[in-house]
Amino acid sequence: AGGTFHPLVPLSDPTTAPTLLRDAWIGIDGDAAARGASRGLASVLGAHTLDIPAGEKARYHAAAVIASNFPTVLAAIAESLLERIGIDAAASRDVVWQLMRGAVANLRTASPASALTGPIVRGDRAAVALDLAAIGDDPAALALYRTASRAAVALARGGTAPGEYELAWFFELPEHRVRGWRPYEDRAEAMRAGCFRSEAGAAG
(Lines give C-alpha, C1' and ligand atoms only; values in the text may rest on other atoms or scores of the structure.)
Protein backbone atom coordinates (compact mmCIF):
# COMPACT_ATOMS: atom_id res chain seq x y z
CA ALA A 1 0.00 0.00 0.00
CA GLY A 2 1.13 3.55 -0.64
CA GLY A 3 0.04 6.89 -1.93
CA THR A 4 0.87 10.04 -3.85
CA PHE A 5 2.46 13.22 -2.52
CA HIS A 6 2.47 15.58 -5.51
CA PRO A 7 3.43 19.22 -4.90
CA LEU A 8 1.44 21.50 -7.20
CA VAL A 9 4.43 23.77 -7.57
CA PRO A 10 6.66 24.53 -10.60
CA LEU A 11 9.95 23.42 -9.07
CA SER A 12 12.42 24.52 -11.76
CA ASP A 13 14.88 25.96 -9.22
CA PRO A 14 15.67 23.91 -6.08
CA THR A 15 16.76 27.03 -4.19
CA THR A 16 13.23 28.47 -4.34
CA ALA A 17 11.47 25.23 -3.38
CA PRO A 18 11.04 25.97 0.35
CA THR A 19 9.41 29.32 -0.40
CA LEU A 20 7.18 27.96 -3.15
CA LEU A 21 6.03 25.01 -1.06
CA ARG A 22 4.87 27.24 1.77
CA ASP A 23 1.10 27.77 1.38
CA ALA A 24 1.11 25.62 -1.79
CA TRP A 25 -1.23 22.74 -2.55
CA ILE A 26 -0.14 19.10 -2.49
CA GLY A 27 -2.12 16.46 -4.37
CA ILE A 28 -2.46 13.28 -2.30
CA ASP A 29 -4.07 9.88 -2.64
CA GLY A 30 -3.64 6.34 -1.36
CA ASP A 31 -4.74 4.43 1.71
CA ALA A 32 -5.62 6.06 4.99
CA ALA A 33 -2.10 5.70 6.39
CA ALA A 34 -0.53 7.23 3.29
CA ARG A 35 -2.95 10.15 3.29
CA GLY A 36 -2.32 10.73 6.98
CA ALA A 37 1.44 10.79 6.45
CA SER A 38 1.02 13.15 3.48
CA ARG A 39 -1.11 15.55 5.51
CA GLY A 40 1.46 15.52 8.29
CA LEU A 41 4.32 16.30 5.91
CA ALA A 42 2.31 19.03 4.19
CA SER A 43 1.61 20.61 7.56
CA VAL A 44 5.32 20.70 8.36
CA LEU A 45 5.95 22.42 5.02
CA GLY A 46 3.16 24.93 5.62
CA ALA A 47 1.23 23.57 2.62
CA HIS A 48 -2.37 22.47 2.00
CA THR A 49 -3.51 19.06 0.79
CA LEU A 50 -5.85 18.27 -2.09
CA ASP A 51 -7.40 14.80 -2.14
CA ILE A 52 -7.24 13.35 -5.65
CA PRO A 53 -10.53 11.54 -6.38
CA ALA A 54 -10.17 7.82 -7.01
CA GLY A 55 -9.57 7.03 -10.67
CA GLU A 56 -9.05 10.68 -11.62
CA LYS A 57 -5.29 11.07 -11.19
CA ALA A 58 -4.68 11.48 -14.94
CA ARG A 59 -7.28 14.24 -15.33
CA TYR A 60 -5.93 15.91 -12.18
CA HIS A 61 -2.42 15.74 -13.64
CA ALA A 62 -3.55 17.16 -16.97
CA ALA A 63 -5.04 20.15 -15.15
CA ALA A 64 -1.74 20.66 -13.33
CA VAL A 65 0.23 20.51 -16.58
CA ILE A 66 -2.06 23.06 -18.24
CA ALA A 67 -1.85 25.45 -15.29
CA SER A 68 1.85 25.07 -14.54
CA ASN A 69 3.72 24.02 -17.68
CA PHE A 70 1.79 25.59 -20.52
CA PRO A 71 2.10 29.23 -19.38
CA THR A 72 5.83 28.84 -19.99
CA VAL A 73 5.08 27.63 -23.51
CA LEU A 74 2.72 30.58 -24.06
CA ALA A 75 5.44 32.96 -22.88
CA ALA A 76 8.00 31.44 -25.24
CA ILE A 77 5.70 31.74 -28.26
CA ALA A 78 4.68 35.31 -27.39
CA GLU A 79 8.30 36.34 -26.86
CA SER A 80 9.26 34.79 -30.19
CA LEU A 81 6.56 36.75 -32.03
CA LEU A 82 7.79 40.01 -30.49
CA GLU A 83 11.42 39.25 -31.29
CA ARG A 84 10.53 38.48 -34.90
CA ILE A 85 9.24 42.02 -35.36
CA GLY A 86 12.46 43.53 -34.03
CA ILE A 87 11.84 43.92 -30.30
CA ASP A 88 14.92 42.88 -28.35
CA ALA A 89 14.84 39.75 -26.22
CA ALA A 90 15.03 41.48 -22.83
CA ALA A 91 12.16 43.84 -23.62
CA SER A 92 10.12 40.99 -25.11
CA ARG A 93 10.54 38.92 -21.97
CA ASP A 94 9.56 41.77 -19.67
CA VAL A 95 6.52 42.70 -21.77
CA VAL A 96 5.26 39.13 -21.75
CA TRP A 97 6.00 38.72 -18.05
CA GLN A 98 4.09 41.88 -17.16
CA LEU A 99 1.10 40.84 -19.27
CA MET A 100 1.00 37.35 -17.80
CA ARG A 101 1.47 38.61 -14.26
CA GLY A 102 -1.46 40.98 -14.72
CA ALA A 103 -3.67 38.26 -16.17
CA VAL A 104 -2.90 35.91 -13.27
CA ALA A 105 -3.43 38.71 -10.75
CA ASN A 106 -6.90 39.29 -12.20
CA LEU A 107 -7.72 35.64 -11.59
CA ARG A 108 -6.98 36.07 -7.90
CA THR A 109 -10.19 38.04 -7.40
CA ALA A 110 -12.33 37.13 -10.42
CA SER A 111 -13.52 34.03 -12.23
CA PRO A 112 -11.88 33.20 -15.58
CA ALA A 113 -15.01 34.39 -17.41
CA SER A 114 -14.96 37.73 -15.60
CA ALA A 115 -11.19 38.16 -15.95
CA LEU A 116 -11.09 37.44 -19.69
CA THR A 117 -10.03 40.41 -21.84
CA GLY A 118 -9.10 40.90 -25.47
CA PRO A 119 -10.68 40.75 -28.93
CA ILE A 120 -12.76 37.60 -28.35
CA VAL A 121 -14.67 39.02 -25.40
CA ARG A 122 -15.09 42.32 -27.28
CA GLY A 123 -16.44 40.51 -30.34
CA ASP A 124 -13.70 42.19 -32.39
CA ARG A 125 -13.63 40.18 -35.59
CA ALA A 126 -11.28 42.59 -37.35
CA ALA A 127 -8.58 42.26 -34.68
CA VAL A 128 -8.80 38.47 -34.73
CA ALA A 129 -8.57 38.38 -38.53
CA LEU A 130 -5.51 40.63 -38.51
CA ASP A 131 -3.85 38.52 -35.82
CA LEU A 132 -4.45 35.29 -37.76
CA ALA A 133 -3.06 36.81 -40.95
CA ALA A 134 0.01 38.14 -39.17
CA ILE A 135 0.98 34.79 -37.66
CA GLY A 136 -0.02 32.62 -40.59
CA ASP A 137 3.60 31.69 -41.26
CA ASP A 138 4.13 30.42 -37.72
CA PRO A 139 2.38 27.03 -37.38
CA ALA A 140 2.81 26.76 -33.62
CA ALA A 141 1.52 30.27 -32.91
CA LEU A 142 -1.34 29.90 -35.39
CA ALA A 143 -2.50 26.56 -33.98
CA LEU A 144 -2.31 27.94 -30.44
CA TYR A 145 -4.24 31.10 -31.35
CA ARG A 146 -7.00 29.12 -33.05
CA THR A 147 -7.36 26.57 -30.26
CA ALA A 148 -7.21 29.10 -27.43
CA SER A 149 -9.66 31.38 -29.24
CA ARG A 150 -12.22 28.60 -29.49
CA ALA A 151 -11.90 28.08 -25.74
CA ALA A 152 -12.15 31.85 -25.21
CA VAL A 153 -15.38 32.01 -27.23
CA ALA A 154 -16.89 29.30 -25.02
CA LEU A 155 -15.67 31.10 -21.90
CA ALA A 156 -17.10 34.43 -23.06
CA ARG A 157 -20.46 32.74 -23.70
CA GLY A 158 -20.62 31.40 -20.15
CA GLY A 159 -19.17 27.97 -20.71
CA THR A 160 -21.36 26.93 -23.65
CA ALA A 161 -19.28 25.38 -26.40
CA PRO A 162 -19.14 27.66 -29.46
CA GLY A 163 -21.19 26.53 -32.42
CA GLU A 164 -19.88 26.25 -35.97
CA TYR A 165 -21.77 29.39 -37.00
CA GLU A 166 -20.21 31.46 -34.24
CA LEU A 167 -16.70 30.21 -34.96
CA ALA A 168 -17.16 31.16 -38.61
CA TRP A 169 -17.87 34.72 -37.49
CA PHE A 170 -14.45 34.87 -35.84
CA PHE A 171 -12.22 32.86 -38.09
CA GLU A 172 -13.67 33.27 -41.60
CA LEU A 173 -11.67 30.30 -42.82
CA PRO A 174 -12.95 27.83 -45.47
CA GLU A 175 -12.98 24.91 -43.07
CA HIS A 176 -15.29 26.82 -40.74
CA ARG A 177 -17.88 27.90 -43.31
CA VAL A 178 -21.39 26.50 -42.99
CA ARG A 179 -24.48 26.63 -45.17
CA GLY A 180 -26.24 29.95 -44.81
CA TRP A 181 -23.27 31.55 -43.05
CA ARG A 182 -22.97 35.32 -42.93
CA PRO A 183 -20.90 37.48 -40.59
CA TYR A 184 -22.54 39.66 -37.99
CA GLU A 185 -22.52 43.25 -39.17
CA ASP A 186 -20.89 44.56 -36.00
CA ARG A 187 -20.21 43.84 -32.35
CA ALA A 188 -23.63 45.14 -31.30
CA GLU A 189 -25.37 42.59 -33.52
CA ALA A 190 -23.20 39.82 -32.07
CA MET A 191 -24.15 40.96 -28.58
CA ARG A 192 -27.85 40.91 -29.47
CA ALA A 193 -27.42 37.37 -30.75
CA GLY A 194 -26.22 36.42 -27.29
CA CYS A 195 -22.73 35.41 -28.35
CA PHE A 196 -20.69 37.49 -25.96
CA ARG A 197 -20.95 39.20 -22.63
CA SER A 198 -21.23 42.99 -22.80
CA GLU A 199 -18.12 43.99 -20.87
CA ALA A 200 -15.26 45.06 -23.13
CA GLY A 201 -11.84 43.69 -22.32
CA ALA A 202 -9.22 46.25 -21.44
CA ALA A 203 -6.21 44.49 -22.91
CA GLY A 204 -5.45 42.84 -26.20
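**Reading the labels**

Guide: In this predicted model, V65, I66, A67 and S68 of α3 meet F70, P71 and T72 of α4. The two helices, α3 with residues 57-68 and α4 with residues 70-84, pack at an angle of about 30°, and their axes are 4 Å apart.

Visitor: How do the residues of the contact of α3 with α4 divide into nonpolar, polar and charged?
Guide: Five residues of that contact are nonpolar, two are polar and none is charged.

Visitor: What makes α8 roughly antiparallel to α9?
Guide: Helix α8, residues 125-134, and helix α9, residues 139-156, pack at an angle of about 155°, with 9 Å between their axes. Angles over 145 degrees count as roughly antiparallel, and therefore α8 is called roughly antiparallel to α9. On the α8 side the contact is made by V128, D131 and L132, and on the α9 side by L142, Y145 and R146. Of the residues in this contact, four are nonpolar, none is polar and two are charged.

Visitor: Which residues touch the most other members of the largest nonpolar core?
Guide: That core has 13 residues, and those touching the most other members are L116, I120, V128, L132, I135 and Y145. Two or more residues come from each of α7 (119-122), α8 and α9, and the largest share, six residues, is that of α9. Once neighbours within four places in sequence are left aside, I135 is in contact with L81, A141, L142 and Y145. Apart from this core lies another one, of seven residues, including V9, L21, A24 and A42.

Visitor: Why is E79 called buried?
Guide: The relative accessible area of E79 is 12%, and the cut-off for buried is under 20%, so E79 counts as buried. This residue lies in helix α4, and, not counting residues up to four places away in sequence, E79 touches S92, R93 and V96.

Visitor: Why is A134 called exposed?
Guide: A134, which has its place in helix α8, shows a relative accessible area of 58%; exposed means over 50%, and therefore A134 is classed as exposed. A134 and L81 are 53 residues apart in sequence, with a C-alpha to C-alpha distance of 9.8 Å.

Visitor: What is the value of phi for D23?
Guide: Phi of D23 is near 75°, which is a positive value in a residue other than glycine. As background, most residues other than glycine have a negative phi.

Visitor: How many helices and strands are in the chain, and in what order do the elements run?
Guide: The chain contains 11 helices and three strands, and from the N terminus on its elements run β-α-β-α-β-α-α-α-α-α-α-α-α-α.

Visitor: What percentage of the residues in the chain is buried?
Guide: Of the 204 residues in the chain, 29% are buried. The accessible surface of the chain comes to about 12300 Å², and carbon and sulfur atoms account for 61% of that surface. Among contacts in the chain with a separation of 6 or more, 51% are between residues 24 or more positions apart.

Methods
Residues are numbered from 1 along each chain as its sequence is written. This is a predicted model: local features need pLDDT of at least 70, side-chain atom pairs count only at pLDDT 80 or more; totals for chains, interfaces and linings use all residues. Side-chain values use heavy atoms; hydrogens and water are left out. Axes are lines fitted to C-alpha atoms, for helices over the stretch in contact, and angles run from 0 to 180 degrees between N-to-C directions. Angles under 35 degrees count as roughly parallel, over 145 as roughly antiparallel, 65 to 115 as roughly perpendicular and the rest as oblique. Contact means heavy atoms within 4.5 Å. Ala, Val, Leu, Ile, Met, Phe, Trp, Tyr, Cys and Pro count as nonpolar, Asp, Glu, Lys and Arg as charged, and the others, Gly among them, as polar. A nonpolar core is a set of buried Ala, Val, Leu, Ile, Met, Phe, Trp, Tyr and Cys residues joined through side-chain atoms within 4.5 Å. Buried means under 20% relative accessible area, exposed over 50%, partly exposed in between (1.4 Å probe, protein chains only). Accessible areas come from the Shrake-Rupley method with a 1.4 Å probe; for residues, only the protein chains shown count as cover.
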